[in-house]
Amino acid sequence: MRTAYSVETVRTAERELMARLPEGALMQRAAAGLAAACAELLGRVYGSRVVLLVGSGDNGGDALYAGARLARRGAGVTAVLLVPERTHAGGLAALRRAGGTSVAPGAAEPLIRRADLVVDGIVGIGGKGGLRPDAAPLAELARESRAAVVAVDLPSGIEADTGEVLGAAVRADLTVTFGTHKPGLLIDPGREYAGSVRLVDIGLELPAEAELEALQHADVAARLPLPGAASDKYRRGVVGIAAGSARYPGAAVLAVSGALRGGAGAVRYVGPAADAVIASFPETLVSDRGPRRAGRVQAWVVGPGAGDDASAVAEVLEAEVPVLVDADGLRLADRGAVRARRAPTLMTPHAGEAAALLGVSREAVEGARLASVRELAGVYGATVLLKGATTLVADPGGGAVRVNPTGTAWLATAGSGDVLSGLAGSLLAAGLSALEAGSVAAYLHGLAGRFAADGAPAGAHDVASAIPDAWRDVRD
């Protein structure tokens with residue numbers, strides 16, 4: 001499992017480690033890892049042209065020491081000193097001893113335009129807000145150049161703890177981060193600026209509970225609910241789905257498809273789209289008597305394509321089993337009824353729905369995804385899965401937020417969220433907690449989206465059909 005820690009936690013761990021190491025040893029570890037990553041990206045170090053964008057403090061020091069290592073291997077290295085009087089003295093001396101040079105920002109443009117590699121050492125993880133006016137033009141020159149851009153620890157201008165971008169920022173092809181991932185590297189919009197991320201172990205001792213967690217294949221495989229010899233459809237989990245309307249019958253079909261492909265032992269469907277559901281999935285158990293009298297289930301999914309039918313949402317929220325609320329159900333659910341539930345509740349909004357629930361703009365949610373998912377979980381007393389390029393899952397009681405690494409832009413298609421709802425509902429019915437069901441479902445859904453598209457357009461039905469392929473890929 002990949003983990004990310006806050007700036008405060010990282011700083012504390014760094015201080016504790018530095019107290020046990022010779023002076024400067026920790027920076028040399030970081031610089032060695034940074035130089036190795038730069039050399040790998042360049043391919044041929046000798047004769048290459050490298051420009052270091054150097055701010056004040058340790059971040060600039062890392063860049064300077066790494067530049068010195070590259071210069072000793074034959075690269076032509078020039079440091080652009082944004083704050084000459086506060087440049088890391090030891091790093092600058094090392095660069096000059098290795099044959100590197102330094103210039104003022106005014107002389108940087110032709111160097112950046114001819115560079116093979118630009119190293120962003122402007123601002124460290126403690127930086128706040130966007131780049132300063134003197135640094136922003138250099139970041140733009142690097143973006144426009146043919147050079148590869150490598151960020152030191154975090155692209156300058158990105159908020160390390162949140163991934164927010166509050167002004168001009170560096171766009172990196174590769175970010176070399178030290179000790180642990182920072183939340184801003186895993187959450188959009190910051191993730192988009194980071195490019196590929198390479199973690200360099202520098203020996204930090206970190207707490208057991210992280211700020212963020214990102215599941216990997218082995219983590220998901222360990223959580224998959226697999227049937228045993230004594231399993232029957234009830235032991236595997238029966239999920240109820242109250243979805244669809246005369247206008248949106250397809251939402252019901254897609255939610256049912258996600259539940260069945262997600263491993264549910266059986267699906268009970270309640271709603272006006274029974275004919276469409278049975279036509280596609282004849283194994284579905286249908287009822288026209290409402291959720292309360294539909295029969296035994298281990299979890300409910302309510303809301304996809306429901307239109308304005310608030311009665312079904314209210315009945316489902318009264319159930320004493322786990323409930324997933326999506327789409328129209330989010331708008332129709334009474335906040336007090338959600339907070340009063342004793343069984344787990346999983347809400348699955350996209351940014352627009354989350355904005356409506358919080359009474360803010362969609363842009364506000366998209367710009368502060370981590371704060372938004374935590375706030376929504378707290379307000380409703382429910383686990384919240386905030387869909388998006390980086391899907392986040394937060395529990396109401398706090399703890400590490402799960403971030404999904406498998407998302408793909410091909411999932412931005414009508415009905416994809418309905419499939420995810422059914423898939424997550426099947427995992428709830430199988431006994432996974434709301435946090436585990438949401439994060440495992442998001443992971444499988446992302447993989448299924450990749451498999452279904454494989455570089456070409458694909459619809460929600462194709463995504464649902466690829467869920468078994470995602471299961472096999474995780475287990476293999």
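Where is Pro189 found? I looked, and Pro189 is in the loop between α7 (183-186) and α8 (190-194). Helices here are DSSP runs of H or I with at least four residues, strands are runs of E with at least two, and both are numbered from the N terminus.

Notes on the source. I am working with a predicted model, where local features need pLDDT of at least 70, side-chain atom pairs count only at pLDDT 80 or more, and totals for chains, interfaces and linings use all residues. Residues are numbered from 1 along each chain as its sequence is written, and side-chain values use heavy atoms, with hydrogens and water left out.

Backbone. The bond from Asp188 to Pro189 is cis, with omega near 5 degrees.

I then looked up phi. Asp153 is not a glycine, yet has a positive phi of about 75 degrees. I found Asp153 in the loop between β6 (148-152) and β7 (174-178). Asp153 is buried, at a relative accessible area of 7%; buried means under 20%, exposed over 50%, and partly exposed in between, with a 1.4 Å probe and protein chains only.

Ala327 also has a positive phi, near 50 degrees. Ala327 sits in the loop between β14 (323-325) and α14 (328-332), and is buried with a relative accessible area of 17%.

Rings. I looked for a charge over a ring (NZ of Lys or CZ of Arg within 6 Å of the ring centre and within 35 degrees of the ring normal). Arg171 lies over the face of Tyr193, 4.0 Å from the ring centre.
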